[in-house]
Amino acid sequence: MKLNDQKVIEIKNISKQYRLGVIGHGTLYRDLQTWWARFRDLDDPNAKIFDSSYKEKENKNSIFFALKDLSLDINKGDIVGVIGRNGSGKSTLLKILSKITMPSTGLIRMKGRVASLLEVGTGFHSELTGRENIFLNGAILGMRKVEIEERFDQIVAFSELAAFIDTPVKRYSTGMIVRLAFAVAAHLESEVLIVDEVLAVGDVSFRKKCIEKMQSVSGQDTKTVLFVSHDMGSIRNLCNRVVVLDKGQVIYDGDVDIGIKKYLDINADHDSGGVFEYSEKGGDYPVYISKVSLKNKGGLTTSNFRTYDSIIIEVEISGTPPQNGFNLEWRLISSRGDALAFGGSYALANKTYSISDRILVCEIDSLPLSSGQYSFTLILRVWQQEAWSYIEKAASFIVESPPQLETGFEYELSNSGPLNLIQYWR
Amino acid sequence: MKNEEWTQEINAEANNRWLNFREVYLAKNLIYLFVRRDFVTLYKQTILGPIWFLIQPLMTTLVFTIIFGKIANIPTDGIPPFLFYMSGIIVWTYFSGCLEKNSNIFIDNQPILSKVYFPRLTIPISTSITNLISFAIQFMIFCGFLSYYSFQGDSIQPSWWALLITPFLIIQVAILGMGVGLMVSAFTVKYRDLIFVMNFGVQLWMYATPIVYPLSQASPKIQLILSLNPMTSVIEVFRFGFMGVGTVSLGNIVISVISTFAIFLIGLRQFSKAERNFIDTV
């Protein structure tokens, strides 16, 4: 057996179920009932979860499987990209692997130190100085004291914050905090690294530096990385293996390009002619994007556009936004997964919304796109703060580019790239 | 591949995570850093800073001395009322501090707990240690008043062994506070109502403990009931040690120590159970 064929993580038949619905006196009543039955050594009247004879109909409403009988082996040196739609179970898988929550059934075995980065700067305290936070954050992430001391200078140098290292973090700008947090994270020493979409924040040049740092560590074949991202570009750049999840199961495991294509195919199946409705995801915030409509210049709802058409994105929100002054941002994504463009009401038009605003509209003039499928990822939040509602590929649409009159040449996403730029030849 | 080579196992069926004390020991640096953080940040941006550690118990003692001593005229076993109340209050403050902090563990620390794994027991342990620092300061002030009163010629007889048993009493209080706190924390994950129950529960518990009255004042029947409260014997032993008066019996001490450990083990078990999945319900 070759060194890099060694399994470092073995996941066997993992399931994770959630009980849906509100917790109230009913839950207490059921809990007491269960407890009393167990106490008398009787069958649990509420043990519907594994009982196959139980009526499926009732069951379906209260139990939701985030992961269903999932098995996976990760070998030493693998850099695995885990991709899937929202709710496909990838964050649940990551949480289980990070030991934040336990699986309902199944077994996972791991070898060596496993560090997980579901967030950067976990445990940062604004009253503490940069130096104190490096030690605290490092310890929370599982670094030993000597390791932090050894790497302290490197971390400070990496963060480019040497001058402010003894200043309380509350005096830092958001960007500085992110840099400090990344610097600690980038110096984690572990055989297995589990990374959630943390690289989505931070400024571009610093993000690049982090990815390079990650790659340089993973270049030696001792490091194994599990990486969740919505950015197909970084998955393509970083990973040598892709696992596609859908409805809590692995639907593809293997080659990166094929995996990405599978993932994009699932997304395409969810198209619905210009109107996209979403239900509450049960996130941390009481507000969510409930409906997205794409309209053409004439105000008709459609998902078919032609090159240089205008497009109107109409976003309906439900619930109560926690505060005034929020904004809507979109990213235009091609079906190949590249991020093509960005739009944000605050960043581009200094426009923010208030609690009473229900429908947010953005009109984009003249889409210079090739034939192909595209989509908008939507983020609702206060600019540069945590997302209240985040829907990747919330609204997808098709662009058709008419062939050039004289030559019949056709701009196609797959051949000529996403952009169809107006050009003059002399 | 042999089993021995795996260094970590996550098993849905196994329930042995709560016994992983080695993991907690290895995280001692983290405990230190948590204590440091809590202590350093507690009184940041306050004018009086750490003096609050003294003002709180002194004011409470003063109020108790006036209300229970002067107005209600509750006897204090011949101990100067100020010392009597202060001794009870500083021990009780430590206990209720541990209890209240620990019972909110999951809710207070949700942001960290939902993003990274580290031995969860480090949080209650560091909480108890942070509270211990403020207890130590208050204890020193108490010793100051104690020597003042004895030089004044008051009828108090501090015993030399009192200082020796204080650490054991305090460890018992810490374990009890942690045990009850962890038990409550496990339930608050699901039933937030318990937070409100806790708030007045702690107050009621205080009146079931000889803080504002000496145990000797209660009728034998009530004494028996009160001795089922593990804190009763702790307070009485503490007062007996430092001031020479208190209702102490070996039976009460044994009951108190045994029930403390029983509560601690139950609390630990409930906590480790809740910890496995709390993030799904919080």
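**A two-chain predicted model, piece by piece**

With 16 C-beta neighbours inside 10 Å, T166(B) counts as partly exposed, since a residue is called buried if 20 or more other C-beta atoms (placed from the backbone) lie within 10 Å of its own, exposed if 12 or fewer, and partly exposed in between. T166(B) sits in helix α8 (residues 162-188) of chain B; helices (H or I, at least four residues) and strands (E, at least two) are DSSP runs, numbered from the N terminus. L132(B) is 34 residues away from T166(B) along the chain, and the C-alpha atoms of the two are separated by 12 Å.

A word on the ground rules. This is a predicted model, in which local features need pLDDT of at least 70 and side-chain atom pairs count only at pLDDT 80 or more, while totals for chains, interfaces and linings use all residues. Residues are numbered from 1 along each chain as its sequence is written, with chains lettered from A and ligands numbered from 1 in the order in which they are written. The model scores ipTM 0.85 and pTM 0.73. For chain B, the average pLDDT (the predictor's confidence in each residue, from 0 to 100) is 87, and 96% of the residues score at least 70.

Chain A holds 11 helices and 18 strands. Of its 426 residues, 38% are buried. Two residues are in contact if their C-beta atoms, placed from the backbone, lie within 7 Å. Taking the contacts in chain A between residues at least 6 apart in sequence, 72% join residues at least 24 apart.

Next comes the sheet in chain A. Six strands line up in the order β5-β6-β7-β3-β8-β9 (chain A), making an open sheet with mixed pairing; strands pair if DSSP finds at least two bridges between them. At the edges are β5 (114-117) and β9 (249-254) of chain A, each pairing on one side only. From one strand to the next, the twist averages 15 degrees, with axes being lines fitted to C-alpha atoms (for helices, over the stretch in contact) and angles running from 0 to 180 degrees between N-to-C directions. β5(A) and β6(A) are parallel and share four bridges, and S116(A) has I194(A) as its bridge partner in β6(A). Four bridges also link β6(A) to strand β7 (residues 224-228) of chain A, again in parallel, where L193(A) is partnered by V225(A).

Two helices of chain A are worth a look. Helix α4 (residues 130-140) of chain A has 10 of its 11 residues buried, among them I134(A), F135(A) and L136(A). These buried residues of α4(A) pack against α5 (145-159) and α6 (174-186) of chain A, together with α2 and α6 (110-113) of chain B. Just after α4(A), G142(A) has a positive phi of about 100 degrees. As for α6(A), 10 of its 13 residues are buried, so this helix is largely enclosed by the rest of the structure; the buried ones include V178(A), R179(A) and F182(A). From first C-alpha to last, α6(A) reaches 18 Å, close to the 18 Å expected at 1.5 Å a residue (the expected span is 1.5 Å times one less than the number of residues).

The contact between the chains takes 37 residues from chain A and 29 from chain B. On the chain B side, β1 (8-11), α2 (28-42) and α12 (250-281) each supply at least two residues, and α2(B) gives the largest share, six residues. The chain B side divides into 13 nonpolar, eight polar and eight charged residues; Ala, Val, Leu, Ile, Met, Phe, Trp, Tyr, Cys and Pro count as nonpolar, Asp, Glu, Lys and Arg as charged, and the others, Gly among them, as polar. Strand β4 (residues 105-110) of chain A also runs antiparallel to β1(B), joined by four bridges, and L107(A) has N11(B) as its bridge partner.
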